[in-house]
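Reader: I'd like to walk through this one with you, bit by bit. Can you show me the sequence and the structure before we start?

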Amino acid sequence: MREPAWRIFAAEYNDATHVIQSKEEKAPKYVITPLGAKVNRLFIVGVLTDVEEIGAEGIRRRARISDPTGIHVVYAEAFEPEIASILADMEIPSYIAVVGKTRIYEPEEGVLYLSARAEMAKEISIEERNYWIIEASRNMLIRINAMRDAMNMSNPTAKQLRGLGYPPIIAEGVAEAIKVYKDVDLQHYEIMLREALSFITSSRKEIKKNHEQEEEKVLKIIESLQSEDGAAWEAVIEEAIKEGIEKSVVEEVIVSLMEKGLIYEPQLGKLKVV
Amino acid sequence: MEIDIEEAIDEILESVDVDRETVEKDLRKFLDYGVPLEHAKQAVINKYGSVVKEKKLKDIKVNERNIITVAKVIAIDEREVEVRGEKRKIYRGLLGDETAILPFTAWKDFGLQKGDVIKIRNASSSEWEGQPRLSLSEWSEVEKVDYDIDLIKRAPRKCNLIDLRPGLSNVEVRGKIIYIEERIVNIGGEERKVFSGIIADETGKVRFTAWHDFGLKEGDVIRIKGGYVRKWRGAPQLIFDENSEVEKIAEEIVVQETIVPLYKIVEAGGGIDLYMQGIILDVRKDSGIIFRCPKCNRRIRNGVCEEDGEVEGTPDLRIRALLDDGTGAVDVIFNRQISEKLLGKNMEEYLDIAKEAMDYSIVYEEIFDKLVAKPVKVKGDSMPSDFIVTIFAKDAEIVKIDEKKEAEELLMQLEG
């Protein structure tokens, strides 16, 4: 059976301190998070903020991907040169999706560094990123509810949780998590989830609303500033700020215009209307 | 003490075929010599050789040996396993009597058939999913008897159709007959009528076979008690026969398009008319423009068909993608028409792109870029495959959501 790819926020994944593996040969390892995710494979989505070369040969890459709760660390190993080069070629920042296997580094007993070893990496759109946040949130809410149900049982088992309708993989993970994590602070995770969701409901709302106006303004600015080889990125931002657009919004708008194919980057740091 | 001795004598008598007086005399002799009661008891049994008595199935516990019982074969399945690198056929199924039903494994071919009533000697028991399982080995003796025995009436297990798994027995389901046809099959030289078709409830659809004429027709809503589930073409198939109870019921069943979590499809091994939703996490390398043999429609490579030799291939567009919903993963095959719908481009446009680039792999790359990380809803049937459950799509669409609305709903659930 192929292990499913968990949509899991960085903060919950990185909070995990427990790993299980059955005794069979080549049995998969699972990271058990405090909310009972039983993770062998992850589907990570966020903003690529940083890519660095590691190792002597310089083929391996380490990337950081930021989501509304924290940072996923992702490795492209030497035997996956295509993924390393995708990461190296991607602009920073940009929206990225990665499928990866859990990567567990335990330098000493009780100290666990969790990351992911990438099997697939791809630049994605903001819609795909938002869809992921919704899915990751929905799945997290199921685990919060399952964990609360388990806390109300005198001796919770995976079978009992399945009886309540939770999928087997969640039932197993929650039954395991409640054994090893004492008194999981559900409120902490509820706040985390609320913040992740308001990332979509509130802050995005205004940008979305003004998007068209801002886009038109920025397009005009680029048109007025551009020469043969385009307009300097910094100059465009400066001009836009003068017209009352916030810096972060200008950057969003530029990315959006490029995605729509209305402007392009003829050379690094220059923008030109198509 | 006297009571203990009396009890010990009773116990010995259960195992040996000697009269009470002799047993008592022998036992007291050992006790007079100072042998502890437990040892003395065993010594007397050993002296006469244990005559094992027949047991009812409910009295069989885990890890017993030397079991003698009479039981009816309720179900039997053959399968090949590898034991120390050697392929062997084993037989698994269910045995029943008036007291219990137990699973069994036979490690050699005793020529057992469903419905046989057999006397078993020298069987053993082990534990399987918390209950005893009978094991018939090389050294077990099995003989058919010429009388019938009653079976215990167990309450059947109620299931939704989507939860049927190959290997389940004694299930109770309800559903509406969507399609039914009659066939004549030849079993051991005897012609039998069988009825097969599709039955549906609110959770999904499943193929069925009825080995008995229950007078069913399309549109009937029925309840079946005592059916069992087998695997057919990789998907569960419901089977019922003269031992099952089938009744028409006056219930309305509205067949819906319910999205099934992928772990259920993976557990079942497949199914028909399945609705699923997930994210495409990979596009397999054999996707894109392919060429088919105009005679046999097989995929050809480098202008050569395995069957028909060198041919002028007909182009086709197809995609095999990995769909994952966070609970499980399946492969989905999209034909040309569905691929064109998902990609928003038709095959001719892709042929032009490939010709211009003089490279067909450019089509694969575009498909990968367009589809990976996209949420997709798929309707389809499973098809037999070895590695991963594979769905042949009958329809598919990219999922669009109102993310703000979804986020607000989740926030509300969080407050509630």
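Reader: Which domains is chain B divided into?
Author: Quick heads-up: this is a predicted model, where local features need pLDDT of at least 70, side-chain atom pairs count only at pLDDT 80 or more, and totals for chains, interfaces and linings use all residues. Residues are numbered from 1 along each chain as its sequence is written, while chains are lettered from A and ligands numbered from 1 in the order in which they are written. The bounds come from an automatic or database domain assignment. For chain B that gives domain 1 (2–51), domain 2 (55–144), domain 3 (157–248) and domain 4 (262–398).

Reader: What separates the centres of domain 1 and domain 3 of chain B?
Author: Here the centres are taken over C-alpha atoms. Between domain 1 of chain B and domain 3 of chain B the separation is 55 Å.

Reader: What radius of gyration does chain B have, next to a compact globule of 416 residues?
Author: The radius is taken over C-alpha atoms, and the globule rule is 2.2 Å times the number of residues to the power 0.38. The C-alpha trace of chain B spans about 105 × 55 × 55 Å along its principal axes. A compact globule of 416 residues would come out near 22 Å, but chain B has 31 Å.

Reader: How many helices and strands are there in chain B?
Author: Helices (H or I, at least four residues) and strands (E, at least two) are DSSP runs, numbered from the N terminus. In chain B, that makes eight helices and 23 strands.

Reader: Which element gives the most to the side of chain A that touches chain B?
Author: The contact takes 31 residues from chain A and 26 residues from chain B. Elements of chain A that each supply at least two residues include β8 (94–108), α3 (126–151) and α6 (186–225). With nine residues, the top contributor is α3(A).

Reader: In β4(A), which residue is the bridge partner of Ile32(A)?
Author: Two strands pair if DSSP finds at least two bridges between them. β2-β3-β4 of chain A is an open, antiparallel sheet of three strands, with β2 (18–21) and β4 (38–39) as the edge strands. Strand β3 (residues 29–32) of chain A pairs with β4(A) over two bridges. In β4(A), the partner of Ile32(A) is Lys38(A).

Reader: Which residue in β12(A) does Tyr264(A) stand opposite?
Author: Chain A also has an open antiparallel sheet in the order β10-β12-β11. There, β11(A) and β12 (residues 270–273) of chain A pair over two bridges. Opposite Tyr264(A) stands Lys272(A).

Methods: Two residues are in contact if their C-beta atoms, placed from the backbone, lie within 7 Å.
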